Amino acid sequence: MNDETPICSAKDCRTPAVWVLAWNNPKIHPPERRKTWLACDAHREHLSQFLGMRSFLKDVVPLAEWTPPPGSEGPESGAGSGTGSDGAR
């Protein structure tokens, strides 16, 4: 792994990412905008559930197949300021 290797967005995870979770918060983002989190195989389901419970999750795509739509951001990767103890950023 090097500095350019996309890593999982789960808090404290340093595993290379293999999934893109495209999402948006309809209260603050226009419908076409997509923000992204990256996920390893181990965290894909957890991060998907986190976003899905909030009705934010729009799509889950293998990283190798991801083509960002216009107006999207990311993909975001790495552990940083997490959103809480659930491990998501």
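The structure is a predicted model, in which local features need pLDDT of at least 70 and side-chain atom pairs count only at pLDDT 80 or more, whereas totals for chains, interfaces and linings use all residues. Residues are numbered from 1 along each chain as its sequence is written, and side-chain values use heavy atoms, with hydrogens and water left out.

**Fold and strand pairing**

- The chain contains one helix and three strands, and along the sequence these follow the pattern β-β-α-β.
- Helices (H or I, at least four residues) and strands (E, at least two) are DSSP runs, numbered from the N terminus.
- Strands β1 and β2 pair in the antiparallel sense over five bridges; two strands pair if DSSP finds at least two bridges between them.
- Strand β1 also pairs with β3 (residues 57–62), in the antiparallel sense and over five bridges.
- On the β2 side, Thr36 is the bridge partner of Ala22, while in β3 the residue opposite Leu21 is Val60.
- Among contacts (heavy atoms within 4.5 Å) between residues at least 6 apart in sequence, 60% join residues at least 24 apart.

**Burial and nonpolar cores**

- Of the 89 residues in the chain, 36% are buried; buried means under 20% relative accessible area, exposed over 50%, and partly exposed in between, with a 1.4 Å probe and protein chains only.
- Strand β1 is mostly covered, with five of its five residues buried.
- Both faces of β1 are covered: Trp19, Leu21 and Trp23 are buried on one side, and Val20 and Ala22 on the other.
- A nonpolar core is a set of buried Ala, Val, Leu, Ile, Met, Phe, Trp, Tyr and Cys residues joined through side-chain atoms within 4.5 Å.
- The largest nonpolar core has 13 residues, of which Cys8, Leu21, Trp37, Leu47 and Leu51 touch the most other members.
- Strands β1 (19–23) and β2 (35–39) and helix α1 (44–53) each supply at least two residues of this core.
- A second, separate core has six residues, including Val20, Ala22, Leu38 and Val61.
- In soluble globular proteins, nonpolar side chains tend to be buried together.

**Aromatic pairs and charges over rings**

- The whole structure holds three aromatic pairs. Rings of Phe, Tyr and Trp (its six-membered ring) pair if their centres lie within 6.5 Å; planes under 30 degrees apart count as stacked, over 60 as edge-to-face and the rest as tilted.
- Trp23 and Trp37 form a tilted pair, at 5.7 Å centre to centre and with 55° between the planes.
- Because Trp23 lies in strand β1 and Trp37 in strand β2, this pair ties together parts that are 14 residues apart in sequence.
- The pair of Trp37 and Phe50 is tilted because the planes stand at 35°, with the ring centres 5.6 Å apart.
- With Trp37 in strand β2 and Phe50 in helix α1, the pair ties together parts that are 13 residues apart in sequence.
- Trp23 and Trp37 are both buried; the relative accessibility of Trp37 is 4%, and Phe50 is buried at 12%.
- One aromatic cluster is formed by Trp23, Trp37, Phe50 and Phe56.
- A charge sits over a ring if NZ of Lys or CZ of Arg is within 6 Å of the ring centre and within 35 degrees of the ring normal.
- The charged end of Arg44 sits over the ring of Trp19, 3.9 Å from its centre, and the charged end of Arg54 sits over the ring of Phe50, 3.8 Å from its centre.

**Ser48 in helix α1**

- Ser48 is found in helix α1 and counts as buried because its relative accessible area is 12%.
- The Ser48 side chain reaches the backbone oxygen of Arg44 at 2.8 Å.
- Apart from its neighbours within four places in sequence, Ser48 is in contact with Leu21, Leu57 and Val60.
- Ser48 and Lys58 are 10 residues apart in sequence, and their C-alpha atoms are 9.6 Å apart in space.

Notes
Polar contact = N/O pair within 3.5 Å; in protein donor to acceptor, adjacent residues only side chain to side chain.
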